[in-house]
There are 2 protein chains.
Amino acid sequence: MLLEPIRWQKNRIVFIDQTELPGRLKYIRCRDIDVLCEAIKKLKIRGAPLIGVAVALGYALAALNSKSRTIKGMENDLVRASARLKATRPTAVNLFWALKRMDDTFFCKRESPRPFAMTRLKKAILKEALSILKEDREMCRAIGRNGSRLIKNGDIVLTHCNAGMLATAGYGTALSIFYEAKKQGKRFRVYADETRPLMQGSRLTMWELMKNRIDATLICDDMSAATIRDKGITKIIVGADRIARNGDAANKIGTYGLAVLAKYHGIPFYIAAPSSTIDRNIATGKDIPIEERKREELIYVGSKQTAPSKAKVYNPAFDVTPAKLITAIITESGVYDIKKFRGV
Amino acid sequence: MLLEPIRWQKNRIVFIDQTELPGRLKYIRCRDIDVLCEAIKKLKIRGAPLIGVAVALGYALAALNSKSRTIKGMENDLVRASARLKATRPTAVNLFWALKRMDDTFFCKRESPRPFAMTRLKKAILKEALSILKEDREMCRAIGRNGSRLIKNGDIVLTHCNAGMLATAGYGTALSIFYEAKKQGKRFRVYADETRPLMQGSRLTMWELMKNRIDATLICDDMSAATIRDKGITKIIVGADRIARNGDAANKIGTYGLAVLAKYHGIPFYIAAPSSTIDRNIATGKDIPIEERKREELIYVGSKQTAPSKAKVYNPAFDVTPAKLITAIITESGVYDIKKFRGV
């Protein structure tokens, strides 16, 4: 099954509103980047690779929507659009990578000796965005193929947050490995952490694993340690939002704790992510900016108040797992033992 | 401030419905043990020491309510009541300890050479239950005094679940230490884990720490590891529901993971609990029964659906922390280095 969390249709971006899952599969059609920026901020669209695809399509939308008759005017429109797309989420590097690639396309085509006419320029930009989308799907499948070699019959794998088809243009990163292993007929089970506060594990990962008939069991985040020990977890596989040159990896808050637990229990800890997640400009995890989100996420769940309304809150969206706690990084080009990883 | 989560008033048990916190401070008056058993099962009353006090008062209520005119008939009523109270929660040993003490009172008074008249027997039973309540408060204060010696100016302490006044007849166990240290003028800060799925940390611990003007910050359970590292947590203090002779301790699910994190980060990990929590009949944590709770707790928060309705769920309410990960156990009689702990 290929679920399309995002697609381009009749000059619109169509995407799943992931905040409505698992209750409702609702698609939003979006014709301007205001709606898109808001959707990314509110996590209707989330997951580092999917954010990359979304902003590329957003960039194309801004180009198509540009009413300017001059290249210079269009450049101004795109610079503005790009700045707003960049301001949505600070941690996922794929966002900056995708926007840079879109910028490069614009500037390269613009500066070619025989400048494209406006329409042809817009087409070239859209084509690039659609390439990013298509490549993302292909990358995910390659990650699945590479990572599936690590899955053995009888494995019980723990995953955190959602590194699935819903986090990408399709298939997923960490979860792509499960889909591929299942296709190969391997027998294994998965435990999924709830992943507070936004519950991407229970809302999204459980939803897509069940849709794909993977044997999955839901636990709360504070059950991970007991589950690893008492249920015999054999490995942990998660995604990443940004990886430094030395292999330190930023991922959803909670990942670092799982890596410590893996170490303590002597089981391998894998990161699965496309190579676009690797930020070669960053030497170590210390330089990765960590987004802090609104306190309200810890005060309410839906309409239910779960903490005193004036409670002081610390709400980081990500943490950094040091390379020394990671066994290997799985990308579309292979499985890299962390000891040999140098920002491949 | 002394908050009374439970009290005896005009032949009724009056208790706070803790499932209504932090939104509403609602007291329930209860005149029969049906209401009490349901309240314990539904966690309106929770916390190992408070459950002990509650079942003792429940036993007294059953005695007072007994319409039997013979000692034998009353014994039958009490045996029935006791069995129902025992069936509410399987892990907290204080429940069994309190009921045994109530049984001993009944059988001892009953078998005395000059048998008490029924009314005097009922009075003796009630007196014993009220002693258990009073002793619990005194024990909590003593735990606070003993544990407060461990708190230093500048400490940043992490706690899990609710080992506070709401978990006892007053003052609390782990949190009693904070109240006493604050009274002594020590400067320190506290981080409280949310504690999924029932959020005793965010709903109850934050509520009572704020009421007592302790500098407290709320985090989700999956933020513990990053908070320990990035915010410089200096120690972890939690309660316990049952402690084996060798020092292995069952406490709210998530405790074991925190103990592993404490070990990894080189900070001390303390258990604070009254000595009635120590089960001398149990050699190691392996023999402590662990309650598994309903799957619905992970599917909904209030009316908000947070996981697919058919999701498979693992929902243990407790985990066992091995003695080797515990620095010391703080009881009303002292602070016991785990190496010297032999079920003191």
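Modeller: In this predicted model, A:C161 is buried, with a relative accessible area of 8% (buried means under 20%, exposed over 50%, partly exposed in between, with a 1.4 Å probe and protein chains only).

Biologist: Which cysteine sulfur is nearest to that of A:C161?

Modeller: The sulfur of B:C220 is the nearest, 12 Å away, and A:C161 is in no disulfide (a pair of cysteine sulfur atoms within 2.5 Å). A search of the whole structure finds zero disulfides over all chains.

Biologist: And B:C30, buried or exposed?

Modeller: B:C30 is buried, with a relative accessible area of 1%.

Biologist: Turning to the helices, at what angle do α9(A) and α9(B) pack?

Modeller: The angle is about 80 degrees, with the axes 10 Å apart; each helix spans residues 255–265 of its chain. Axes are lines fitted to C-alpha atoms over the stretch in contact, and angles run from 0 to 180 degrees between N-to-C directions. Helices are DSSP runs (H or I, at least four residues), numbered from the N terminus. The two are therefore roughly perpendicular (65 to 115 degrees).

Biologist: Which residues meet there?

Modeller: Among them are A:Y256, A:V260 and A:Y264 in α9(A), and B:Y256, B:V260 and B:Y264 in α9(B) (contact means heavy atoms within 4.5 Å).

Biologist: What about numbering and confidence limits?

Modeller: Residues are numbered from 1 along each chain as its sequence is written, and chains are lettered from A in the order in which they are written. Local features need pLDDT of at least 70, side-chain atom pairs count only at pLDDT 80 or more, and totals for chains, interfaces and linings use all residues, while side-chain values use heavy atoms, leaving out hydrogens and water.

How values were computed. Angles under 35 degrees count as roughly parallel, over 145 as roughly antiparallel, 65 to 115 as roughly perpendicular and the rest as oblique.
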